[in-house]
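Subject: Structure for you, with notes on cavities and helices

Hello,

Here is the structure for your set-up work. My notes follow below it.

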Amino acid sequence: MVSLRFPFLFSQPKKHPNGISRAITSRPFSATTTTVACAVAAGAAAFAGIAATRNSKNPKQDNPFIQNALSLLFSNHLLAPWASLSLADPSPSIVETKTGAAFPSVVFESRRLLGIGLRKKSILGLKNIDVYAFGVYADVDEVRKILGEKYGKLSVSELKESKEFKEDFMGGDIGMTVRLQIVYSKLSIRSVRSAFEESVGSRLQIFGGTNNKELLQRFTSQFKDEYKIPRGSVIELSRERGHVLRTTIDGKEAGSIQSKLLCRSILDLYIGADPFDKGAKEDIESKLASLLQVDH
């Protein structure tokens, strides 16, 4: 079995020409759809009971239990909620077409998906492995509140060329989440820890100098050996207010660290100068710029 701890060469996935539109949407069954289906089934069962009763040897004698059930079934008290049920589908998921990894279009109520991409590893230049798919989310309201006054009048093309805009977004106190979905079935938590030691460690040196080993160790120590990450597992790295980086693994909180430097270093892996997926970065920048164009 090939271990991800061997030396790797970083490779960039091929750019999809249409960005996030390359993905397909899936519309899962909603809870209300299931509720209505159950109600219809209950009604059918009641009608079956009526038929059985009326075909019995005493057709003139109605079963009181069935009568009571029908009264409840067709009463205004029960039908009123049914009339108010909405069958509208929830926000559709966005699917990374190569791996089939699905990403909700919105997380934490207000963080909208800006783009999706792939993290690849090349083993000695001989074989590329899709390690995980990722989605980058940003809080729409906070983006507009913090960046709108300064950049709201610029066009999308101007924003994409503005280094100052990118710096303000990367370093701003804006809620963001990077959602990683594991697609390589043989990935271990130890490999994830080792990979972050290398990638995040290099960014910490670039943005903060060489005296950040303790900060790096605090971050990587969150990925404890007790965590199992089979294919489909989800790791979320979220920048919360106050530049707090919160890490969750399959919905369980692994830890939180207050550090603007660490938050910036994590985001740089996906939307920085040398991102894991250049095509995804371009999609994310375009979507981010478009969020400020609501009044144009």
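Which helices each supply at least two residues of the lining of the second largest cavity? They are helix H5 (156–161), helix H6 (163–171) and helix H10 (278–290). Before the details, the conventions: this is a predicted model, in which local features need pLDDT of at least 70 and side-chain atom pairs count only at pLDDT 80 or more, while totals for chains, interfaces and linings use all residues. Residues are numbered from 1 along each chain as its sequence is written, and side-chain values use heavy atoms, with hydrogens and water left out.

Overall

The protein has 10 helices and 11 strands; helices (H or I, at least four residues) and strands (E, at least two) are DSSP runs numbered from the N terminus. Of its 296 residues, 46% count as buried, meaning under 20% relative accessible area with a 1.4 Å probe and protein chains only. Among contacts (heavy atoms within 4.5 Å) between residues at least 6 apart in sequence, 70% join residues at least 24 apart.

Cavities

A search of the whole structure gives 4 cavities of 30 Å³ or more. A cavity here is a set of points, on a 1 Å grid over the protein atoms alone, where a 1.4 Å probe fits but cannot get out; lining residues have an atom within 4 Å of a point. Grid points are joined across faces, edges and corners, and a volume is the space filled by probe spheres set on the points.

The largest cavity holds about 140 Å³. It is lined by 15 residues, of which Val131, Tyr132, Ser191, Val192 and Ala195 are the closest to its centre. Two or more lining residues come from each of strand S6 (111–123), strand S7 (127–139), strand S8 (176–182) and helix H7 (189–208), and H7 has the largest share, with 5 residues. By class, this lining has 11 nonpolar, 2 polar and 2 charged residues. Ala, Val, Leu, Ile, Met, Phe, Trp, Tyr, Cys and Pro count as nonpolar, Asp, Glu, Lys and Arg as charged, and the others, Gly among them, as polar.

The second largest cavity holds about 90 Å³. Its lining includes Leu159, Phe165, Phe169, Ile271 and Leu288, and the largest share, 4 residues, comes from H6. This lining has 7 nonpolar, no polar and 3 charged residues.

Helix H9 (residues 260–271) has 12 residues and reaches 16 Å from its first C-alpha to its last, close to the 16 Å expected; the expected span is 1.5 Å times one less than the number of residues. H9 is largely enclosed by the rest of the structure because 10 of its 12 residues are buried. Among them are Arg264, Asp268 and Ile271.

For H10, the 13 residues should span 18 Å, and the end C-alpha atoms are 19 Å apart, which agrees. Its buried residues include Lys281, Asp283, Ile284, Glu285 and Leu288, and the elements covering the buried residues include S6, S7, H4, H5, H6 and H9. At the start of H10, a side-chain oxygen of aspartate 277 comes within 3.1 Å of the backbone nitrogen of glycine 279.

Glutamate 142

Glutamate 142 is in helix H4 (residues 140–151) and is buried, at 17% relative accessible area. A polar atom of its side chain lies 2.6 Å from the backbone nitrogen of glycine 175.

Regards

Technical notes: On a 1 Å grid over the protein atoms alone, a cavity is a set of points where a 1.4 Å probe fits but cannot get out, and a pocket is an open set with protein on both sides within 12 Å along at least five of seven lines; lining residues have an atom within 4 Å of a point. Buried means under 20% relative accessible area, exposed over 50%, partly exposed in between (1.4 Å probe, protein chains only). A polar contact is a pair of N or O atoms within 3.5 Å; within protein, one must be able to donate a hydrogen and the other to accept it, and residues adjacent in sequence count only if both atoms are side-chain atoms.
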